[in-house]
6 protein chains.
Amino acid sequence: MEINKVLLTKKFMFSASHRLYKPGLSDSENAEIFGKCSNPNGHGHNYILEVTVSGNVNDETGYVIDLGELKRFVQDRIIYKVDHKNLNLDVEFLKGINPTSENIVIRIWDVFEKEFKSGNVKLYSLKLHETENNIVEYRGGKL
Amino acid sequence: MEINKVLLTKKFMFSASHRLYKPGLSDSENAEIFGKCSNPNGHGHNYILEVTVSGNVNDETGYVIDLGELKRFVQDRIIYKVDHKNLNLDVEFLKGINPTSENIVIRIWDVFEKEFKSGNVKLYSLKLHETENNIVEYRGGKL
Amino acid sequence: MEINKVLLTKKFMFSASHRLYKPGLSDSENAEIFGKCSNPNGHGHNYILEVTVSGNVNDETGYVIDLGELKRFVQDRIIYKVDHKNLNLDVEFLKGINPTSENIVIRIWDVFEKEFKSGNVKLYSLKLHETENNIVEYRGGKL
Amino acid sequence: MEINKVLLTKKFMFSASHRLYKPGLSDSENAEIFGKCSNPNGHGHNYILEVTVSGNVNDETGYVIDLGELKRFVQDRIIYKVDHKNLNLDVEFLKGINPTSENIVIRIWDVFEKEFKSGNVKLYSLKLHETENNIVEYRGGKL
Amino acid sequence: MEINKVLLTKKFMFSASHRLYKPGLSDSENAEIFGKCSNPNGHGHNYILEVTVSGNVNDETGYVIDLGELKRFVQDRIIYKVDHKNLNLDVEFLKGINPTSENIVIRIWDVFEKEFKSGNVKLYSLKLHETENNIVEYRGGKL
Amino acid sequence: MEINKVLLTKKFMFSASHRLYKPGLSDSENAEIFGKCSNPNGHGHNYILEVTVSGNVNDETGYVIDLGELKRFVQDRIIYKVDHKNLNLDVEFLKGINPTSENIVIRIWDVFEKEFKSGNVKLYSLKLHETENNIVEYRGGKL
């Protein structure tokens, strides 16, 4: 009886560098599309990732999910792989994409889809803050 | 004609202590489930409660609801009862539960359900921030 | 095939003054309804406007929308017209309303509806923070 | 024996409008000096005032000063007089000045000098945040 | 030649409960002095501790101090002992004091004095945020 | 008569990448000293730079300095050169140093020393936030 859903959000931070560009184009063509974000030597951000899951409250514990369990999953499978890394070169699950915030959250969603199992707790939303003012959110493609 | 809904959110802060545990279990059994959150002498937080209501904009005032009215309700019925209190021992509307953030927001929702009347303004969402990084949201059980 | 939607949010700040009142009423009648917000000489805020649009990720760029394009639209059509202004007297698109946060976001939504065109990118939500603790959100009238 | 000083800071918020201008100059001359800050109909801010006092820790209470006492003083003598007010027109202790942040903090310092008595507790610093990015600090004129 | 000093600050968070009271007084006498902070069952906070050290920049590393070294010291000797604890009952280095913020920072300073050795790096300041609005700072007793 | 000093602070943000390492050492030797900060492909941050100047309040304007003048200087001479850049490779005034926060603020101080002239306004302090939790401050070498 999935009738009493609570959303639980945990925030994580990682520091990474990236460069936005399309491989087939010249530096000046990339600069035209991506502006200062395509600087050939890269730039970087302190990203904040907000992971929101949904589930019923467990009668025994009063938890949707043990936050320690969620933290370990996200730290091990995601944060560890992107923190203090170059998002164009160093991250297996980001291979083959232009590392915009939009593409990054979709790929992180895929990691959850494949690897995250915790009773009937489901991933509800991922928010990625590239700066304090620029944020993307992904809920699996539907709104 | 409920056709032009606006959401209005007001944030409140309270400082409280709590201990997570199941009454029937020993301290070490509770420690296994709740970790450092089950410290027998308790710990505490500066909680932030975000109350979001929905309603139509009143043609006369331009308000969904007078923020003063909302503030008085939340201060009197909720914040006054939990601020600078022990959530396991001091709060009538939290009796009989393990005071996890999930259980707290559900009980606060119940207080609204029973006591909050303000035209066709409805409670839409409650968010409770236990720390800057851990947040629960409840929208009455549906998503 | 609009099947893989991402939300993109950009935050903007503006500093403005306003006074809440109904034109037909006396100062004391307005004070009864709007309290200190109806001070005849006005008061002011650092408003934060969060603009959220939805769209599919462009295969070429990895963007929902070029943030520069969104920034220029919001800066030129909205922020430029309200920043360091009196919201009762100086702003064309706020004429004829009591400048509550609720009325302001609805009028900003109207500006988007009339003037914002960017492929299949759509305005999804506007949030206006009047202070750190008081926030309204508008999603076009539906929830 | 004033040998073990602790600094204690309390933050306060107020929302006010103002206009920067020199009375003897025309609107266009003022605009040249003060730019958008001299808009004739004014603009406004959510100001944050940080009051820092210094003193020894009282052996009986463990306090430098009872925060309630400090709060009442600042609320009654300062915040109550500027919150939801026009800083050019409504505030006795700001009469005769151009209400820049620099001038405002100096005048607030004067209010403390005249009216604040609390054992050997002394005002140490006033910080005024006009926006998140623009802040002035005054320590009585010395550094 | 200690002539080119840089200050380095690292922030830490801990969640703890406490009760303010003087042992020899009754609950009602304590309530008169400490108000809601003397609630017999306690309350709590998410404390933020800012540790600032001063030192010369090492020519080899470009560091004042390795942040990892500072982090380990503060985590092991201080945060580990207060996080998710009751500050009246559970913390050896707070024994015998009324756990006001003032008394807490002085005792944390003492821990540094006794145990922290790192070349010519010195503790410069401790700031303890009890809430977002209430902060104490200690610089060893001098200003 | 420099007798009534006010401090004025303006905050700036820039996004940059860097790698910490000593040129003469191998990757593994650098990893031993700088840990994850020496990742060969770099990482990055959203840096916040707080520039604090001191000066007397101008009787005519009520300003220590026109914030627009300060903003233009910092944007043109500093932020423009580091924003969306690689701090090891792209920035003239950072050549020859390991781009730790300590070294970066000292070099930015040097830029001010050489190029910033504005009456008797003086640079008082530079704070550089590498992340929300790690901050350095430089006041010209003295404390």
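Predicted model: local features only at pLDDT ≥ 70, side-chain atom pairs only at ≥ 80, totals over all residues.

Colleague: How many residues of chain D are in contact with chain C?

Modeller: On the chain D side there are 21 residues, and they are in contact with 21 residues of chain C; contact means heavy atoms within 4.5 Å.

Colleague: What area is buried between chain D and chain C?

Modeller: About 1,600 Å², with carbon and sulfur atoms giving 49% of it. Buried area is the accessible area (1.4 Å probe) that two parts lose on being put together, summed over both.

Colleague: Which residues in chain D lose the most area to chain C?

Modeller: They are N41(D), N46(D) and H84(D), which together account for 35% of what that side buries.

Colleague: How many salt bridges does the rule find across that interface?

Modeller: The rule finds 2 between chain D and chain C, a salt bridge being a side-chain nitrogen of Lys or Arg within 4 Å of a carboxyl oxygen of Asp or Glu. K36(D) forms a salt bridge with D83(C), and their closest N and O atoms are 3.0 Å apart.

Colleague: Which strands of chain D each supply at least two residues of the side that touches chain C?

Modeller: Strand 1 (5-18), strand 2 (43-56) and strand 3 (85-86) each do. Strands (E, at least two residues) and helices (H or I, at least four) are DSSP runs, numbered from the N terminus.

Colleague: Turning to other pairs, how far apart are the closest C-alpha atoms of chain B and chain D?

Modeller: They lie 15 Å apart, and no contact joins these two chains. Chain C and chain F do not touch either, their nearest C-alpha atoms being 15 Å apart.

Colleague: And chain A: what order do its elements run in?

Modeller: From the N terminus on, the order is β-α-β-α-β-α-β-β, from 3 helices and 5 strands. The C-alpha atoms of chain A fill a box of roughly 60 × 30 × 25 Å along the principal axes.

Colleague: What share of chain A is buried?

Modeller: Of its 143 residues, 57% are buried, that is, under 20% relative accessible area (1.4 Å probe, protein chains only).

Definitions and conventions. Residues numbered from 1 in each chain as written. Chains lettered and ligands numbered in written order. Heavy atoms only, no water. Buried < 20%, exposed > 50% of the residue type's maximum accessible area, 1.4 Å probe, protein only.
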